[in-house]
Amino acid sequence: MTVTLADVAARAQVSPATVSRVLNGNYPVAASTRERVLRAVDELDYVLNGPASSLAAATSDLVGILVNDIADPFFGIMAAAIQSEIEGPGGRAGGERLGVVCNTGGIAERELTYLTLLQRQRAAAVVLTGGAVEDAPHAAAVAAKLRKLGDAGTQVVLCGRPPAPDAPGAIALTFDNRGGGRQLTEHLIGLGHRRMGYIAGPEERTTTRHRLEGHRAALAAHGIEDDPRWTVHGRYDRRSGYEATVELLRREPGLTAVVAANDTVALGACAALRDAGLRIPDEVSVAGFDDLPFSVDAVPALTTVRLPLSEAGARAGRVAMGREDAPPGGIARVRGELMVRGSTGVPRGEGPRSSA
């Protein structure tokens, strides 16, 4: 059943004219009244300008790009590539589209808020980047928002995020984080490493789980114990990498390698190892993930898994604008490439071992 402006007015206990003034912002309204109206809009999931069926042919020139942290190069690179592809024919004002980057800060509730706001603005497309939050109620709420966006004529693209089975209209360009994680650990095992610490990201993120699963799959394939003491979870930032490495060394001073959740975390790990008087890779090897621009300039340069962030973002932008066909079945798996550099080497006193 379609929610009307009158329904919102009844819920907020104000007149329809007051609701209109709040939503249009064209007349002063008391702060308490405005808050009451906006709360009613959220509770009723009211969409401005009529029912969703009429919006299919009335989307705006707005394209929303959701990121966890725009200061993180992982998201910044994808957002820039997406935005570069959404310009051009298709919009009303000379053919341009307005790309709006929505920084969620990794907060699940803020993700839902932005999706609601983009729905109200009748966005032409919405691109969600990076991993998803693994929380059943939140996942269900996001899927419901994505379905509403799709029903209103908005193209939804997931870039670097797993498919959303409950939002069948959303197109997914998903990173093979499991495969990359396994490939990275296989490389270290082939060099002879058996005592490897792992710095994982936040436990509630799909990216964290998938990369860790790849690491553990490599250990299991070679009969290497997965000691839970050798895994520490933290944020995807340098400080977390530093603190986690200090903790790993406290738990197991004999570690010969540290595998980090991403390159930024790996930089923190390198700093902690240097402060502990350990040489990289002579005494401890370090590996990252993503191949962010600074990885090759680190000293020593980071061994990592390169994800084609710019290429994936550009493709997501083209798909969002309808200038590239969706992949078969609406899903494309984007694989990473192992980049072997100076931060990994043979453990002291050991030669390379067969990975068979």
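Is Arg239 buried or exposed? I note that the model is predicted. Arg239 has a relative accessible area of 58%. Exposed means over 50%, so Arg239 is exposed.

I placed Arg239 next. Arg239 sits in helix α10, which covers residues 238-251. I found its side chain joined to that of Glu243 by a polar contact of 2.9 Å. I also checked Arg239 against Leu62. The two are 177 residues apart in sequence. Their C-alpha atoms lie 36 Å apart in space.

Then I turned to Thr207. Thr207 belongs to helix α9, residues 206-221. Its relative accessibility is 11%. The cut-off for buried is under 20%, so Thr207 counts as buried. I listed its contacts, leaving aside neighbours within four places in sequence. Thr207 is in contact with Gly131, Asn177 and Tyr236.

Next, the nonpolar packing. Which residues have the most contacts inside the largest nonpolar core? I noted Phe74, Met78, Val127, Phe175, Leu188, Leu309 and Ala316. That core has 42 residues. Helix α5, residues 73-86, gives the most to this core, with six residues.

Not counting residues up to four places away in sequence, Met78 touches Thr129, Gly130, Cys159, Phe175, Leu309 and Gly313. I also logged a second, separate core of 19 residues. Leu248, Ala260, Ala269 and Val284 are among them.

One general reminder for the page: in soluble globular proteins, nonpolar side chains tend to be buried together.

How values were computed: Residues numbered from 1 in each chain as written. Predicted model: local features only at pLDDT ≥ 70, side-chain atom pairs only at ≥ 80, totals over all residues. Heavy atoms only, no water. Helix = DSSP H or I, 4+ residues; strand = E, 2+ residues; numbered from the N terminus. Buried < 20%, exposed > 50% of the residue type's maximum accessible area, 1.4 Å probe, protein only. Polar contact = N/O pair within 3.5 Å; in protein donor to acceptor, adjacent residues only side chain to side chain. Core = buried A, V, L, I, M, F, W, Y, C linked by side-chain atoms within 4.5 Å. Contact = heavy atoms within 4.5 Å.
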